[in-house]
Amino acid sequence: MKRWGITIPLTGVPLAAHEEMVRELPDLGYTDAWSAETAGHDAFTPLVLASQWAPQLRLGTAIVPVYTRGPGLLAMSAATVAELAPGRFVLGIGASSPVIVKNWNAAEFEAPFARSRDTLRFLRSALAGEKVTEEYESFSVSKFRLERPADPPPSIMLAALRPGMLRLAAKEADGAITNWLAASDVPKVRAEIGPDTELAARIFVCPTEDKAAARGLGRMLISSYLTVPVYAAFHEWLGRGDALAPMHEAWAAGDRQKANQVIPDEVVDDLIVHGSLDSCREQVQSYVDNGLTTPIIALLPTGEDPFAHVRGLAPR
């Protein structure tokens with residue numbers, strides 16, 4: 001099945017004001033709506049609403065951090081959405097980042113690989129309705145059982161950027177979720193998980209033919225995200241280490257303005273889809289052509305009507 005996803009909620013649009021657009025998504029050709037979680041809306045509430053507004057859509061979290069909720073609460077939240085969207089909910093989990101985990105949520109960001117693996121294994125058991133008593137490497141659980149396990153239990157996908165986590169996703173999860181990559185990077189990521197594992201990616205799309213404006217917004221996003229150590233290592237692995245070295249040097253020196261300025265145009269154009277609506281749609285399709293299973297459009301604000309952009313980016 002060809003998948004085509006959108007990130008909800010849209011920037012600057014009140015959550016309740018999404019109803020008309022979300023109801024329209026299936027008729028437009030969208031198959032998926034995915035939420036995110038940083039410091040805005042939580043990941044689950046938008047999907048609860050979407051489950052009632054558009055029962056045809058598959059819904060997913062990309063991603064929920066494995067540190068910011070206890071394992072039991074994470075299972076409860078997932079089971080709740082899975083009950084509302086039976087067979088149509090994907091729980092995407094991942095390590096997130098030290099800023100979100102430690103600075104904003106007062107949790108320790110320790111052993112991200114082990115914590116992600118252990119949370120995945122706990123959720124497999126808990127969401128199946130089993131009573132879980134287990135000493136995992138990164139935490140322990142005693143006598144937890146969901147009172148309302150969903151039937152069927154939700155799929156679980158794992159956020160993964162580099163080979164170790166990608167292989168874990170392929171081996172133990174129902175797919176891998178990645179982020180901040182170019183269409184040309186997809187084959188390298190796909191090679192780590194094999195041909196049959198679902199690969200989803202959030203793709204930043206800025207539908208404007210004002211190249212300078214799109215690149216300006218793209219540079220701000222790139223310097224904010226790709227200076228995070230896990231993303232820096234990801235792009236080193238992808239081969240952008242030299243191209244991004246001046247940005248990292250300026251950022252480390254505290255010169256945010258210079259860090260933005262020294263990001264090469266070609267890096268911005270690789271990582272931020274921009275141009276006319278037709279061009280943007282074709283660029284998103286190029287990710288699919290290179291091996292991506294599920295493109296998840298993250299619409300960047302341009303000052304124009306975002307609902308018109310969602311309609312214009314629908315698959316042809």
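**Ground rules.** I worked with a predicted model, in which local features need pLDDT of at least 70 and side-chain atom pairs count only at pLDDT 80 or more, while totals for chains, interfaces and linings use all residues. Residues are numbered from 1 along each chain as its sequence is written, and side-chain values use heavy atoms, with hydrogens and water left out.

**Domains.** I looked up the division of the chain and found domain 1 (5-208 + 275-313) and domain 2 (210-272); the bounds come from an automatic or database domain assignment. Their centres, taken over C-alpha atoms, are 24 Å apart. I then checked contacts (heavy atoms within 4.5 Å): 21 residues of domain 1 touch 19 residues of domain 2.

**Cores.** I next looked for nonpolar cores (sets of buried Ala, Val, Leu, Ile, Met, Phe, Trp, Tyr and Cys residues joined through side-chain atoms within 4.5 Å). Buried means under 20% relative accessible area, exposed over 50%, and partly exposed in between (1.4 Å probe, protein chains only). The largest core has 100 residues, and Leu91 and Phe122 have the most contacts inside it. Both domain 1 and domain 2 give residues to this core, so it lies between them. Apart from it lies another core of nine residues, including Ile63 and Ile296. I also listed the neighbours of Phe122; leaving out residues up to four places away in sequence, they include Pro71, Val132, Tyr136 and Phe144.

**Helix H13.** Helices (H or I, at least four residues) and strands (E, at least two) are DSSP runs, numbered from the N terminus. For 13 residues that gives 18 Å, and the end C-alpha atoms are 18 Å apart, which agrees. The buried residues of H13 are Cys280, Arg281, Val284 and Tyr287. They cover an arc of only 105 degrees around the axis, which puts them on the same side of H13; the arc is that of the directions from the helix axis to the C-beta atoms. The face turned away from that buried side carries the exposed residues Glu282 and Asp289. Among the elements that the buried residues pack against are helix H7 (186-193) and strand E12 (294-299).

**Ser223.** I found Ser223 in helix H8 (residues 211-225). Ser223 counts as buried because its relative accessibility is 2%. The side chain of Ser223 makes a polar contact with the side chain of Asn260 (2.5 Å). A polar contact is a pair of N or O atoms within 3.5 Å; within protein, one must be able to donate a hydrogen and the other to accept it, and residues adjacent in sequence count only if both atoms are side-chain atoms.

Methods: The expected span of a helix is 1.5 Å times one less than its number of residues.
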